[in-house]
Structures are given as structure tokens and as C-alpha cells.
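These are my notebook entries on one structure. I record what I looked up, topic by topic.

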Amino acid sequence: MTSLFGPRLEGSATEFRLWAPSAKTIEVIFPDRPPVALDKGEKGFWSARVPDCGAGTRYKFRAGELEFPDPAARQQDGGTAGWSIVLPPLQPSGRDQPLRPWHETILCEVHVGTASPEGTFRGLANRLEHFRDAGFTALEIMPINAFPGTRNWGYDGTLIFAPAEAYGSRDELRQLVDRAHELGLCLILDVVYNHFGDFDNFIQRYAPEWFDDEVETPWGPGIDFTHEMVRQFYYENARMWLDELDFDGLRFDSVHEMKTAARSVFLKGLAKSARAVKSDAKLIIENMDNIASWLDRDQRGRPLDFSAQWNDDIHHVLNYLVTGEDKNGYADGSKDAIADLEKGLADGFVHDGEANGDSDGTTRGEPASRLPLDAFVSYVQNHDQIGNRADAKRLPDRISAEKLDFLHFVVMLAPQIPLFFMGEDAHLRTPFPFFIDLPEAAAAPKRADRYKQMRETFEEDVKDGGLPDPNAPETFHSAKLDWADYANPERLAALERFRKLASWRRSLLWPLSATLCLDARTGRQDTAIVVSWIFEAGVLTMALNAADRPADIACVIAGPPVATGEFSQQGEVLRLGAWSAVCWSWQRDP
């Protein structure tokens, strides 16, 4: 596909291109040769063809006194203010489909810098067998775009085409993807299109049109998607990851923070552009607005736009039930969390797009119930839910192993797509605090803002000095996954239980979820719930008790059961122990 952004190699020459509509002059500069002036052409693009300037050439742009890297550079040398490097496109794999179908997805969210001792693409590649053997079928990689310094969550990038130098080269990234595919693992990449990090964000100074000054995100000015070329920049970025790097899908961060008038135009074009590369690409959105229409399917059940959404609703209700922490919508003690769980399991969302008032377990607005269950990604921990706690602690530090097993059972065996955070498979306790690597002058306001966010956004009662310093190297090192802890007998036992859950999902659910889900029916008695999901190929049923005491419910187990905790059947009454769940399925004759 023709690209408009980034250098274009033409034999031994390179055409340099930059979108800067209001710039007066633009030059391309080099460390070892005279600068070359670019000419202004159509649609705000500047360009120049420079002879004897092939692959490996280092360059920057200059507008007046401002020198800056190419925002579409495929590799950097010297960080986010350093030299961009001319590179040819990587040879596409030729695959026009993801490695696996969407319904077979079991996700693990992974941060490259902390997932291995090396903190690199190669380091992660050497650990992939663990994820495969644990039962995962896909890794969701947190953003890997170039960021300031050597450590970062990845959401502060300014050069979104270039992989972070701390992680390795573009070729090493492609080798990671290829190795994952050899092992039967899909890779999905988290990308950030709603803002740029404010450190080394040169674009604001030479192309202010990129931003809408009247739109603010929690991280700075909003992107102005009314400009066709701004939209094109992100379309080309999405295509690069799917084509040249051969990722199986993308996860789009906080689309609710895209607030300009052309957001719908952009998002629809983004999905279309990605699917032009891989028609069944796994496209996930994060959207606090719970807009069901972005997840609609065609008559064949295929996504019109996006495959699924991260579903905070199910996280919030499950975490409230096991921890009793009165936040994330559960400050009202009279709220019926069991009803919310019943609705979330049956429909996907607890809070629908246009529902009025608090959910009572029956309210609908823009109904989530019209969507297939694999339009939702369920989880009980992710990088946000761990890292945006003052203590950055995981659930095993706050609840018993039995309760965490219960959560894993529900998330793994319900038809929604399950996601777990790296290390969660064995109940690891490695914290995941927020970390950055900035000069002190830039780190100080970030440090202060972190306290403000914790208190106002994440409802954490944190005292001054109560947070780990995000800019301290030891904060980053504390987040390194503790691989030695996997040898602990308790962790090994937890890992074996997790593997069993994954195998049950394959045997009980995959044969059904390969077909359309026609309906979901629920029943409740006290704290016990029974949900039956009716597929074209058969029925999956789960009975669960989310409470510290046993519960009885009228229900007959109609197939070979799998379970966590204790249960017994007496006639037509199913007795479930505290924090117990049982699941079974049956398949129609072909």
C-alpha cells in the first residue's frame, strides 16, 4: 500500500517527507553532510529527493531553529530527540489472516521491559514457551513505541513508528513475532492514538494543526482528527504493525479520549484500514463510554469495525465481590453487585451506553445483549488495575488463593475473551508500579501529577511520600517479573490449576464458541447464579456462588462438570460452597 509518511527509498536515493502545513521552511539535516531544503507540495507535505542517501542514513528535520526527528521514523539512534534512521520496509510475511480465530483467544498482557530479566524483544522471545505451556494463545503487548529514557509503561510515546531502543531493533521485534507464530501464539500490540507524550513532543511546535487546543485529554492536548492527513498518519501506523511486523491484531488505547468532531470518521477508517491488511485482524478498543455500536457484527457474525472491548464493568463487579473495596461504582452499599454480575455474564456490559440510573440487573440502553459474548474482553487484573493502586499490589496480596481461583474460573470459562496480566497464571505477587525515565526537571511535575491522579481519579487515600518514585530505577526494577518465584511450590500448584482451566476452555467452550451465540438465560437464588449461553452448536452452563457462605439453587447438572471449590447435587438442588463454581456443556449432534 502506498504510504505518505516517512522516508521512501529509491535505489541509492531517499525521498524525505514531512507533513507541516504551517511551517515556513523545512530542511533535512545529517550528521556528516550539508542540509537539504524540502519543497512544499500538496496537502501540507514537504519533500525532497536526496541522492547517495540510502539505508542506514541518519537524519533529522529542521524548521527555523528547531531540530527534531521524523515522527514516522522506523528506528531511532539516541532516543526521542536523536537521529532517525532510513530503513527499507520489512518483507511482509504474506499472511492476510491472524494465526488463530478470535474465539480461540486466551490473552496474557505483557510489558516487554519487565517480562524478562533482559527486558528486550529477545528476552521475551526466549520466554514464549512458558506462555504457550501455561495455556495462553495470544500475548497483548503493552506499547513498544519509542519513549523518553530507557523505562516507561509505553503510553508516553512521541515516535510511534519506531520501536523503543531499550527493547531492541525492528528486526528483533519481527523475530519475536515470528517466534511466537512458530509456537502457535498470536501477538496483539497496544497502540496509542489519542495523544502524544509531552516530553520531546516536537510536533506541537512545527505542526500545531495536529492538535485541537479546545480538547484536553488527561495527558495533554487532543488529536485533531478533522485533518485527513492526521488520520492517514495513524492508518499507516496500524498497517505497518500488521503488515511489516506481522502482528495479529491491535489494541487501541482509550478511544473515549478522542473527542474531536471527526472521531467516528477516524475510528471507522482505522478499522477499515487495518482490515485491508488482515481482514480478521484482532482489533480491541478501550472505551469507557461502552458504545455497543463499535462492536456490531454483520449477518455472518463478523465485526463491522472492532472485534472487542476491554470490559471494565466485569472487572469492577468481580473485584468488589472478592475485596469489598467500595470504589469503581460500588461506593453505594445498597447496590446489588450479584445482579450486576448476572447481567455482565449474560450481556457483556453491566452499564449499557444509554441506560439511565444505576444498574439493577435488568436495565438496558444501547443494548449489549445484541452483541456476541466474544465482543468483550474480561479480566480481574491488568496493568491499569494494578499500577493505578497506591501500593501497586496484585490480587494475591489482598485475597485468598481460593478467591483468585474462583475469579479465574469465571473469567476463563465464560464465553467472553479472557485476559490475564503476566504472572497471574501462577498467582505471582510482583508489583507493577508506574515508572518513567526523565530528566529531573521533567520528572518533578509528573511525580506531582501522579499524586493528583491517585487521589482524584483512582480514589486512593495516599499521603505525601506514600507512592514509589516513578522516576527511580528501583521502582522499575521492582516491576520485573520474578521468574524465580515460579519454582515456589504454591506457585507451581497455582500454575497447574491455571493450565487445567485453559484446557477446559478448549474442550468445553471452543466447539460451541466457533458458532453463533443465540441467547443467554440466567437464574438466581440468593448469592448463587446460573447462566446458560445457547450457541448454535450447543449450550454452556455455569453455576457460581460469589459469597463467603454456601448457597443452594434449583439446577440440574446436565453434563460432565468441571469446578473450583465444593459443590454437590441433591435431586434438583445444586449446593455450591463459598466461592465455588461449576461449569458444563453439551453439544448438539452435527
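How many residues has helix H7, and how far does H7 reach from its first C-alpha to its last? I found 15 residues, 263–277, and a reach of 22 Å, close to the 21 Å expected at 1.5 Å a residue. The expected span is 1.5 Å times one less than the number of residues. Helices (H or I, at least four residues) and strands (E, at least two) are DSSP runs, numbered from the N terminus.

**Basis of the entries**

I note that the model is predicted, that local features need pLDDT of at least 70 and side-chain atom pairs pLDDT 80 or more, and that totals for chains, interfaces and linings use all residues. Residues are numbered from 1 along each chain as its sequence is written, and side-chain values use heavy atoms, with hydrogens and water left out.

As background, an α-helix has 3.6 residues a turn, so residues three or four places apart point the same way.

For H6, the 16 residues should span 22 Å at 1.5 Å a residue, and the end C-alpha atoms are 22 Å apart, which agrees. H6 is mostly covered, with 14 of its 16 residues buried.

**Residues with positive phi**

I looked up Asp246, which lies in the loop between H6 and E18. Its phi is near 65°, a positive value in a residue other than glycine. Asp246 counts as buried because its relative accessible area is 2%.

His427 is not a glycine either, and has a positive phi of about 60°. I placed His427 in the loop between strand E22 (417–421) and helix H12 (440–456). With a relative accessibility of 6%, His427 is therefore buried.

**Ile160**

Ile160 belongs to strand E14, residues 159–163. Why does Ile160 count as buried? Its relative accessible area is 3%, so Ile160 is buried. I recorded its contacts (heavy atoms within 4.5 Å). Leaving out residues up to four places away in sequence, Ile160 touches Pro71, Asn145, Val192, Tyr193, Phe196, Phe233, Tyr234, Asn237 and Trp241.

Thr541 sits in strand E25, residues 538–545, and is buried because its relative accessibility is 6%. With which side chain does the side chain of Thr541 make a polar contact? I found Ser532, at 2.9 Å. A polar contact is a pair of N or O atoms within 3.5 Å; within protein, one must be able to donate a hydrogen and the other to accept it, and residues adjacent in sequence count only if both atoms are side-chain atoms. Not counting residues up to four places away in sequence, Thr541 touches Val530, Val531, Ser532, Val582, Cys583 and Trp584.

Thr564 is part of strand E27, residues 562–564. Thr564 has a relative accessible area of 14% and is therefore buried. Beyond residues up to four places away in sequence, Thr564 touches Asp405, Phe406, Phe409, Trp579, Ser580 and Ala581.

**Pocket and cavities**

On a 1 Å grid over the protein atoms alone, a cavity is a set of points where a 1.4 Å probe fits but cannot get out, and a pocket is an open set with protein on both sides within 12 Å along at least five of seven lines; lining residues have an atom within 4 Å of a point. The second largest pocket has a volume of about 540 Å³. Its lining has 27 residues, of which Trp102, His103, Gly301, Pro303 and Asp374 lie nearest its centre.

I counted five cavities of 30 Å³ or more. The largest cavity has a volume of about 70 Å³, and its lining includes Arg389, Phe434, Arg450 and Met454. The second largest cavity holds about 50 Å³ of space; among its lining residues are Pro71, Leu159, Asp200 and Tyr206. A volume here is the space filled by probe spheres set on the points, which are joined across faces, edges and corners.

Methods
Buried means under 20% relative accessible area, exposed over 50%, partly exposed in between (1.4 Å probe, protein chains only).
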